[in-house]
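Please open the structure in your viewer and keep the selection panel at hand. The stops below say what to select next and what is to be found there.

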Amino acid sequence: MHAGMYECEVNMHGMESAIITATANVTVIVEPIITNGPFRETVSEIGKTVHLPCTANGSPDPDVTWYRNANLIKNSVGERFEVLGNGTLQISLLSGADTGIYQCVASNIGGEVSASTWLHVKTSAPDFIKRPVNVTVLDGKDAQIMCEVSGAPAPNVTWVFNDSLEIQSAGRVQILESGSLLIASAESKDVGKYTCIRENSAGSVQGFAYLSVLVRTQIVQPPVDTRVILSSTAELQCKVSHDPAVPYTIHWFFGNKEILPSHNGRIQILPDGSLLIGQARNTDVGVYTCKVNSDGGNETRSA
């Protein structure tokens with residue numbers, strides 16, 4: 001508040017025009033003071049960005065310099081270490097090697113002042129967010145086995161098939177960015193045990209799951225157009241291929257009406273799914289439909 005231009009004026013008695021003046025500029029030097037400095041300890045995680053504040057006041061305006069373990073930090077705009085306009089040190093993409101003591105020094109011609117912090121870049125071992133679980137899909141469908149974890153630094157991922165073959169991303173098989181495994185258009189040869197290993201410098205975790213691929217349920221011998229002599233027996237086939245572990249049901253329809261076996265045995269549905277019509281009549285003429293339902297797929301064929 002005392003800084004500024006000061007003027008001294010002298011009047012000479014008896015001399016009206018004899019006024020002598022002199023000026024002087026007064027500069028008040030105020031040593032720096034840090035108004036917003038870092039905490040004594042700063043904790044962050046690998047891969048994150050951390051800001052260490054160091055705002056200082058003084059007259060003239062102090063310069064702020066940062067040191068790491070007593071070594072000068074060179075200020076480079078756009079680099080991992082950057083001193084911002086307000087004196088804050090910004091460190092991007094933290095690594096374990098960034099752990100240490102960071103000191104900021106604010107200085108001007110009136111003196112200097114400093115503050116420091118211990119930066120601890122912590123690590124954490126992988127921990128499952130979504131662990132592998134057994135998956136069952138129909139052949140030709142996509143299968144995804146989960147393996148998502150947390151951890152710092154970001155854990156790498158390794159997949160092993162049947163405890164022996166390391167899996168690489170190629171073709172139908174892809175290791176996703178999340179660490180999960182995607183198998184497109186699953187086939188019978190994909191059946192087996194899949195082990196996921198997630199690891200970083202702090203530890204590792206692993207889990208496994210089994211993939212089962214079911215044979216699709218489908219009609220392999222469908223009904224065909226048939227002509228029979230009146231009062232003779234007509235047989236319409238509907239034979240099914242399916243996975244032994246997947247049950248299925250067969251329903252026959254005449255037009256839109258479901259056919260039920262008759263009490264007198266004239267109309268029968270055989271164990272292999274075939275429809276048997278005895279003593280064929282004119283009223284039996286029409287379209288017959290075989291419908292197969294199962295968890296392994298549904299199919300309909302008509303004749």
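Is Asp 190 buried or exposed, and at what relative accessibility? In this predicted model, Asp 190 has a relative accessibility of 7% and therefore counts as buried, the limit being under 20%. If neighbours within four places in sequence are left aside, the residues in contact with Asp 190 are Phe 161, Arg 172, Ile 183, Ser 185 and Leu 211.

Now display the cysteines, for the whole structure holds 3 disulfides.

- Select Cys 54 and Cys 104, which are joined with an S to S distance of 2.1 Å in a right-handed link with 75° about the S-S bond. Cys 54 lies in the loop between strand 5 (50-52) and strand 6 and Cys 104 in strand 11, so the pair ties together parts 50 residues apart in sequence.
- Select Cys 147 and Cys 196, whose sulfur atoms are 1.8 Å apart and whose link is left-handed, with -80° about the S-S bond. Cys 147 is in the loop between strand 15 and strand 16 (148-152), while Cys 196 is in strand 21.
- Select Cys 238 and Cys 290, where the torsion about the S-S bond is about -70° and the disulfide is therefore left-handed; both cysteines are buried.

For the next stop, go to Pro 62, in the loop between strand 6 (55-59) and strand 7 (63-68), which counts as buried at 14% relative accessibility. Beyond its neighbours within four places in sequence, Pro 62 is in contact with residues including Pro 32, Ala 56 and Ala 106.

Finally, colour by the domain assignment, which gives domain 1 (32-122), domain 2 (125-214) and domain 3 (218-302), and note that the C-alpha centres of domain 1 and domain 3 lie 82 Å apart.

Terms used:
Residues numbered from 1 in each chain as written. Predicted model: local features only at pLDDT ≥ 70, side-chain atom pairs only at ≥ 80, totals over all residues. Heavy atoms only, no water. Domains from an automatic or database assignment. Helix = DSSP H or I, 4+ residues; strand = E, 2+ residues; numbered from the N terminus. Buried < 20%, exposed > 50% of the residue type's maximum accessible area, 1.4 Å probe, protein only. Contact = heavy atoms within 4.5 Å. Disulfide = S-S within 2.5 Å.
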